[in-house]
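Please look over the sequence and the model shown here before reading on. The paragraphs that follow lead through it step by step.

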Amino acid sequence: MSDMRLVVVGAAGRMGQALIRAVAAMEGVTLAGAIEREGAPALGQDAGRLAGLDALGVEISDDPLPVFAKADGVLDFTTPAATVAFAAIAAQARIVHVIGTTGLSDDDAVKIRAAARHAVIVRSGNMSLGVNLLAALVARAAKALSEDFDIEIVEMHHRHKVDAPSGTALLLGEAAAAARGIPLAERSVRSRDGHTGPRPTGDIGFATLRGGSVVGDHTVILAGEGERIELSHRAQDRSIFSRGAVKAALWGRGKKPGVYSMADVLGLGEA
């Protein structure tokens with residue numbers, strides 16, 4: 001089978017450049033296009049040179065339509081509004097759309113599911129193998145331990161991150177909530193301030209830290225009477241996310257249209 005032709009959107013960003021480097025380094029894929037927003041300073045530049053590589057002969061463009069039409073998949077770690085627009089174009093082109101964008105609303109998710117009638121969409125708040133294995137372990141622990149064990153999720157990222165809690169923290173929270181059969185939206189606690197009273201049994205708490213250049217630290221705490229379990233993952237390099245995204249695209253090639261997760265890609269199945 002020929003190499004999978006991949007497009008990187010948000011090509012000038014930190015994750016965009018990491019994705020370009022991953023595509024250039026991995027077998028079975030080739031860079032077919034690089035997209036940036038209209039008016040971006042990087043337009044017209046060679047995508048390889050922008051990412052610190054030798055020239056790849058791929059010029060950064062602001063017009064995704066013709067680029068998607070000639071591609072097999074798109075790697076997308078942009079913004080919610082951009083991702084929704086790219087999903088619609090990917091559906092027209094009937095290609096694989098790997099979404100690592102965080103901060104998506106329920107309305108955004110509805111539009112993405114609509115696009116998945118014609119596109120293979122792999123969506124995850126985190127593309128790393130380790131984090132998705134952690135989610136499976138969290139689900140197993142949450143299911144095995146009763147609500148006598150309180151669940152708290154602590155995450156830290158670099159000072160430039162704009163959404164909170166992180167997509168990964170929410171992924172871990174969803175894993176725990178699903179395992180206990182509770183709706184995360186109704187049972188999550190995002191902030192505590194002042195006289196809050198006792199902690200309600202069964203809630204899932206989130207604590208958000210921001211600072212420096214931290215790529216991503218996540219710890220899930222299951223705290224019972226007299227004992228505590230902590231499950232952690234620390235990302236040290238964004239390349240773990242970009243490699244995972246490329247693997248997700250390769251996995252999605254030839255699959256039926258629909259929305260898939262990294263658990264599907266990695267074959268983790270039920271916890």
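This is a predicted model: local features need pLDDT of at least 70, side-chain atom pairs count only at pLDDT 80 or more; totals for chains, interfaces and linings use all residues.

Where does Pro165 lie? Pro165 is found in the loop between strand 7 and helix 7, where helices (H or I, at least four residues) and strands (E, at least two) are DSSP runs, numbered from the N terminus. The peptide bond that leads from Ala164 to Pro165 is cis, with omega near -10 degrees. Most residues other than glycine have a negative phi, and most peptide bonds are trans. Arg94, although not a glycine, has a positive phi of about 55 degrees, and its place is in the loop between helix 4 and strand 5 (96-99). With a relative accessible area of 55%, Arg94 is exposed; here buried means under 20% relative accessible area, exposed means over 50%, and partly exposed lies in between, computed with a 1.4 Å probe on protein chains only.

Residues are numbered from 1 along each chain as its sequence is written, and side-chain values use heavy atoms, with hydrogens and water left out.

Two helix pairs can now be followed. Helix 4 (residues 80-93) packs with helix 5 at an angle of about 15 degrees, and their axes are 9 Å apart; axes are lines fitted to C-alpha atoms, for helices over the stretch in contact, and angles run from 0 to 180 degrees between N-to-C directions. Helix 4 and helix 5 are therefore roughly parallel to each other, on a scale where angles under 35 degrees count as roughly parallel, over 145 as roughly antiparallel, 65 to 115 as roughly perpendicular and the rest as oblique. The crossing of these two, helix 4 and helix 5, is left-handed, a term used if the near helix is turned anticlockwise from the far one by less than a right angle, with right-handed used if clockwise. The contact (heavy atoms within 4.5 Å) is made by Pro80, Thr83, Val84, Ala87, Ala88 and Ala91 of helix 4 and by Asp108, Lys111, Ile112 and Ala115 of helix 5. Of the residues in this contact of helix 4 with helix 5, seven are nonpolar, one is polar and two are charged, where Ala, Val, Leu, Ile, Met, Phe, Trp, Tyr, Cys and Pro count as nonpolar, Asp, Glu, Lys and Arg as charged, and the others, Gly among them, as polar.

The second pair is helix 6 (residues 129-144) and helix 7 (residues 167-180), which pack at an angle of about 30 degrees with their axes 8 Å apart. That angle makes helix 6 roughly parallel to helix 7, and helix 6 passes helix 7 in a right-handed crossing. On the side of helix 6, the residues that meet helix 7 include Val131, Leu134, Ala135 and Val138, while those of helix 7 include Leu171, Leu172, Ala175 and Ala176. The residues of this contact of helix 6 with helix 7 divide into 11 nonpolar, two polar and two charged.

What, then, of the charged side chains? Side chains of opposite charge can pair when their charged atoms come close. A salt bridge is a side-chain nitrogen of Lys or Arg within 4 Å of a carboxyl oxygen of Asp or Glu, and by this rule the count comes to 11 salt bridges. One of them joins Asp107 and Lys111, whose closest N and O atoms are 3.4 Å apart. Because Asp107 and Lys111 are four residues apart in helix 5 (residues 106-115), they are separated by about one helical turn. Asp107 is partly exposed, with a relative accessible area of 45%, and Lys111 is partly exposed as well, at 41%.

Another salt bridge is formed by the side chains of Asp150 and Arg199 (3.2 Å, N to O). This pair links distant parts of the chain, 49 residues apart, with Asp150 in strand 7 (residues 150-157) and Arg199 in the loop between strand 8 (188-189) and strand 9 (204-210).

Leaving aside neighbours within four places in sequence, Ala47 is in contact with Ile20, Leu31, Ala34, Val58 and Ile60.
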